[in-house]
Amino acid sequence: MSNAEQIDYWNGKVGDIWVQMQERMDLALTPVTAALLAAANPQPGELVLDIGCGAGETTLAVNAVVGEGGHAIGLDISEPLLARARTRAEALLSEAEFIAADASAWADETGFDLILSRFGVMFFADPQAAFTHLHSLAATGGRLVFACWQPAARNLWATLPMTALADVLPAQPPTDPYAPGPFAFADAARVATMLEAAGWQDLAFHSLPFEMMVSEGDDPIASAVQFNLKIGPAARAVREAGIGDAAKPLLAGALQPLLMGGQVRLPGAVWLVTARA
């Protein structure tokens, strides 16, 4: 997808679905959020930019730390998600600011002490140019910290549903592994090369395996099935093929072995990437 296609995509039905799933997504990504914020280490008084802020979880958390002397700005292309973020900010009496903008071109403010992102940087049509632009927004010594997915083979949350539904889904076309999408930054060496070419220094890639909790309530299997029909690669494939009813029992069977202690947890693995301007 180009950036324009991404903007259309996230301002349509998908944006509304993610608003509906906001609480569950934040819960599912709790280990990643905690590790990201620990690596980012925001400080009182800092100016922070959150790329692809979505419904505002990380922006709000950072703004609470930087305090009145600092400021956190969340950028996203999805108006539905930004509306949810602003509602949450009002409820928390937070001064966090949420702006609808393409981060690869936005330049209303510069001198950021920290630029961070939880899964918001893998969708740029031209990531090399985007990272170069973000470097221009950072203060000297400013920190870049983001989470991106490791290869799909290490992320069962994405591969298991697609495998379970392979017989009822149309043949999936081959994809460019580096095209904008969840796994575009799975190759750490390629990402490092892009960041260095954009001017970022002191790069480090930290591997974070975790378990994504995809169920809630009294019927964890049904809940996990519903989650996978709303979020992830299988959700989009099922919507496009119109096979929701056929998909449910197949997903339930595939998820059953992962039910432990009343929860369905799907393994995942993330790169936590840090760098300095």
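Which residues does Ser78 touch, not counting residues up to four places away in sequence? I started my notebook with that one. The model I am reading is predicted.

**Entry 1**

I looked up the contacts of Ser78 and found Trp10, Asn11 and Gly15. Ser78 sits in the loop between β2 (71-76) and α6 (79-92). The relative accessible area of Ser78 is 0%, so I logged Ser78 as buried. Its side chain also reaches the backbone oxygen of Trp10, at 2.8 Å.

I then moved to Pro80, which lies in helix α6. Pro80 has a relative accessible area of 18%. The cut-off for buried is under 20%, so Pro80 is buried. Ala234 is 154 residues away in sequence, and the C-alpha atoms are 22 Å apart.

**Entry 1: the nonpolar cores**

Which residues have the most contacts inside the largest nonpolar core? I found Ile115, Phe131, Phe146, Trp149, Phe185 and Trp200. That core has 81 residues. In soluble globular proteins, nonpolar side chains tend to be buried together.

With neighbours within four places in sequence left aside, its contacts include Leu49, Ile51, Leu134 and Leu137. Ala138, Arg143, Leu144, Val145 and Trp200 are also in contact with Ile115.

**Entry 2: helix α4**

I went through α4 (residues 30-40) for buried positions. Val32, Thr33, Ala35, Leu36 and Ala40 are buried. What covers them? The cover includes α5 (57-66) and the strands β4 (112-118), β5 (138-149), β6 (201-213) and β8 (263-276). An α-helix has 3.6 residues a turn, so residues three or four places apart point the same way. Just after α4, Asn41 takes a positive phi of about 50°.

I picked Thr274 from strand β8. Thr274 is buried, at a relative accessible area of 15%. Not counting residues up to four places away in sequence, Thr274 touches Ala39, Leu144, Val145, Asp202, Leu203, Ala204 and His206. Leu144 and Val145 are also among the contacts of Ile115.

**Entry 3: α8 against α12**

At what angle do the axes of α8 and α12 cross? I read roughly 130° for α8 (residues 156-164) and α12 (residues 244-255), with the axes coming within 9 Å. Roughly antiparallel needs an angle over 145 degrees, and roughly perpendicular runs from 65 to 115. The two helices are therefore oblique to each other. Their crossing is right-handed. On the α8 side, Leu160, Pro161 and Ala164 make the contact. On the α12 side, Leu250, Leu251, Ala254 and Leu255 make it.

I then looked at Leu229, in helix α10 (residues 220-230). Leu229 counts as buried, at 17% relative accessibility. Leaving aside neighbours within four places in sequence, I listed its contacts as Ala235, Val238, Arg239, Gly244, Ala247, Lys248 and Leu251. Leu251 is also one of the α12 residues that meet α8. From Leu229 to Pro161 is 68 residues in sequence and 9.1 Å in space, C-alpha to C-alpha.

I checked Leu93 and Phe119 as a pair. Leu93 is not a glycine, yet has a positive phi of about 55°. It lies in the loop between α6 and β3 (97-100). Phe119 also has a positive phi, near 65°, and is a residue other than glycine. It is found in the loop between β4 and α7 (127-137).

Are these two buried or exposed? Leu93 is exposed, with a relative accessible area of 75%. Phe119 counts as buried, at 12% relative accessibility.

**Entry 4: Thr193**

My last stop was Thr193, in helix α9 (residues 188-197). Thr193 has 52% relative accessibility. Exposed means over 50%, so Thr193 counts as exposed. I also read the separation of Thr193 and Tyr9. They are 184 residues apart along the chain, with 29 Å between their C-alpha atoms.

Conventions:
Residues are numbered from 1 along each chain as its sequence is written. This is a predicted model: local features need pLDDT of at least 70, side-chain atom pairs count only at pLDDT 80 or more; totals for chains, interfaces and linings use all residues. Side-chain values use heavy atoms; hydrogens and water are left out. Helices (H or I, at least four residues) and strands (E, at least two) are DSSP runs, numbered from the N terminus. Buried means under 20% relative accessible area, exposed over 50%, partly exposed in between (1.4 Å probe, protein chains only). A polar contact is a pair of N or O atoms within 3.5 Å; within protein, one must be able to donate a hydrogen and the other to accept it, and residues adjacent in sequence count only if both atoms are side-chain atoms. Contact means heavy atoms within 4.5 Å. A nonpolar core is a set of buried Ala, Val, Leu, Ile, Met, Phe, Trp, Tyr and Cys residues joined through side-chain atoms within 4.5 Å. Axes are lines fitted to C-alpha atoms, for helices over the stretch in contact, and angles run from 0 to 180 degrees between N-to-C directions. Angles under 35 degrees count as roughly parallel, over 145 as roughly antiparallel, 65 to 115 as roughly perpendicular and the rest as oblique. A crossing is left-handed if the near helix is turned anticlockwise from the far one by less than a right angle, and right-handed if clockwise.
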